[in-house]
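Subject: Structure handover

Hello,

Please find the structure below, followed by notes on what was found in it.

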Amino acid sequence: MVDMEEETQLGQESEEDYCELSDGELQEAFAKGLLKPGLNVPLEEPKKAVNNIEGLKKCLAEFKKNLPWVERLDLTNHPAVDVLAKIEGTLEDKQSSGEINAEDDFQREMCFYRQAQATVLEALPKLKKLQIPTRRPDDYFAEMAKTDQHMQKIRKKLMQKQMAIEKSEKAKKLREQRKFGKKVQVEVLQKRQKEKKAMMTAVKKYQKGMTDKLDFLEGDQEEKKGSAASKPQMSKKGPNAKRKYKDQKFGFGGKKKGSKWNTKESFNDVSGFRAKTAHGKGGKKFSKGGKKNKRPGKEARRKMKARK
């Protein structure tokens with residue numbers, strides 16, 4: 001115990017000795033390794049607050065300007081009274097009493113709003129008294145912050161951007177249409193190949209005698225019917241005069257094939273029999289020189305005309 005007390009006393013004495021040393025002596029002691037950490041503790045003096053009232057007043061007098069209120073437009077007032085709450089009696093006017101909770105956002109913002117309202121109510125009569133207009137006239141045009149040339153450049157850039165967007169959209173639509181067109185074309189070709197393949201297999205089956213159906217030909221007939229139905233039908237008012245004359249002269253309707261065949265009734269009917277005309281006999285008398293009044297041929301008639 002005695003040894004420990006002696007060491008502490010020696011340490012305190014050495015610290016006091018080092019504190020009394022000059023800077024050069026301390027540097028020599030530090031170079032020799034005699035100084036140990038914790039021996040020197042810097043002590044900072046507490047700052048003294050200086051309340052120089054005269055200096056502050058002097059600075060205030062230097063930058064203070066005695067300008068009229070119109071140039072300053074400053075007002076210091078309390079928040080306006082909440083008239084509705086006062087009439088209803090549901091809420092207390094905490095703004096006037098100073099009891100405002102700064103943590104309550106709604107209450108704080110309402111305090112700002114009412115204070116601005118009170119400022120407007122106090123400032124407008126003063127401005128009207130000084131004959132200062134508070135409303136903008138209808139024909140008032142404010143000067144633009146940017147020049148017309150600058151606005152033209154901005155408008156030009158906006159138009160270029162819009163044109164670029166429209167071109168990109170148009171190109172995108174064209175690409176989509178091409179893709180869709182190619183897809184439709186491929187589908188049509190595949191459908192045609194499929195129909196052709198089905199028809200060829202049906203024809204081969206029919207040729208080999210595996211089936212006696214001709215259903216594969218009905219598709220063409222249906223297509224023809226569809227094309228005929230798609231054409232506009234012309235209104236039929238009946239046959240024309242030429243058709244009626246030919247029908248009257250040559251006959252129309254009835255059975256054409258086998259119309260000159262004999263039947264039992266026609267075979268038994270001999271009322272129209274003429275012996276002179278039957279089989280070219282009876283009524284004709286042939287002369288030795290052949291037929292009379294035979295018309296000469298074309299060449300003979302031409303020669304006769306040439307003689308005349």
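In which helix is Val188 found? Val188 is found in helix H8. Before the rest, two remarks on the source. This is a predicted model, in which local features need pLDDT of at least 70 and side-chain atom pairs count only at pLDDT 80 or more, while totals for chains, interfaces and linings use all residues. Residues are numbered from 1 along each chain as its sequence is written, and side-chain values use heavy atoms, with hydrogens and water left out.

Overall picture

The protein has twelve helices and zero strands. Helices (H or I, at least four residues) and strands (E, at least two) are DSSP runs, numbered from the N terminus. Along the sequence the pattern reads α-α-α-α-α-α-α-α-α-α-α-α.

Of the 308 residues, 6% count as buried. Here buried means under 20% relative accessible area, exposed means over 50%, and partly exposed lies in between (1.4 Å probe, protein chains only). The protein exposes about 31500 Å², of which carbon and sulfur atoms supply 55%. These areas come from the Shrake-Rupley method with a 1.4 Å probe, and for residues only the protein chains shown count as cover.

Among the contacts in the protein with a separation of 6 or more, 39% are between residues 24 or more positions apart. A contact means heavy atoms within 4.5 Å.

Val188 forms a nonpolar surface patch with Phe180 and Val184, and together the three have about 260 Å² of accessible area. Val188 itself is partly exposed, at a relative accessible area of 36%.

A positive surface patch is made up of Lys172, Arg175, Arg178, Lys179 and Lys182. Lys172 lies in helix H8, which covers residues 148-207. The relative accessible area of Lys172 is 47%, so this residue is partly exposed.

Both patches follow one definition: residues with over 30% relative accessible area and no salt bridge, with like charges joined within 9 Å and nonpolar side chains (Val, Leu, Ile, Met, Phe, Trp, Tyr) within 5 Å. Lys and Arg count as positive and Asp and Glu as negative, while His and the chain ends are not counted. The place of a charge is taken as NZ of Lys, CZ of Arg, CG of Asp or CD of Glu.

Salt bridges

A search of the whole structure finds four salt bridges. The term stands for a side-chain nitrogen of Lys or Arg within 4 Å of a carboxyl oxygen of Asp or Glu. Three of them are described here.

In helix H7 (residues 105-129), Arg108 and Asp105 sit three residues apart, about one turn of the helix. Their side chains meet in a salt bridge at 2.9 Å, N to O. Arg108 is partly exposed at 26% relative accessibility, and Asp105 is partly exposed at 47%.

In helix H10 (residues 241-250), Arg243 and Asp247 are four residues apart, again about one turn of the helix. The salt bridge between their side chains is 3.2 Å, N to O. Arg243 has a relative accessible area of 41% and is partly exposed. Of the ten residues of H10, one is buried, so the helix lies largely in the open. Just after H10, Gly251 takes a positive phi of about 90°.

In helix H12 (residues 298-307), Glu299 and Arg302 are separated by about one helical turn because they are three residues apart. Their side chains form a salt bridge at 2.2 Å, N to O. Glu299 is partly exposed at 43%, as is Arg302 at 49% relative accessibility.

Backbone points to check

Most residues other than glycine have a negative phi. Which way does the phi of Leu73 go, positive or negative? Leu73 has a positive phi, near 55°. Leu73 is placed in the loop between helix H4 (69-72) and helix H5 (83-88), and is exposed at a relative accessible area of 53%.

Gln131 is not a glycine, and has a positive phi of about 60°. Gln131 is found in the loop between H7 and H8, and counts as exposed at 72% relative accessibility.

Regards
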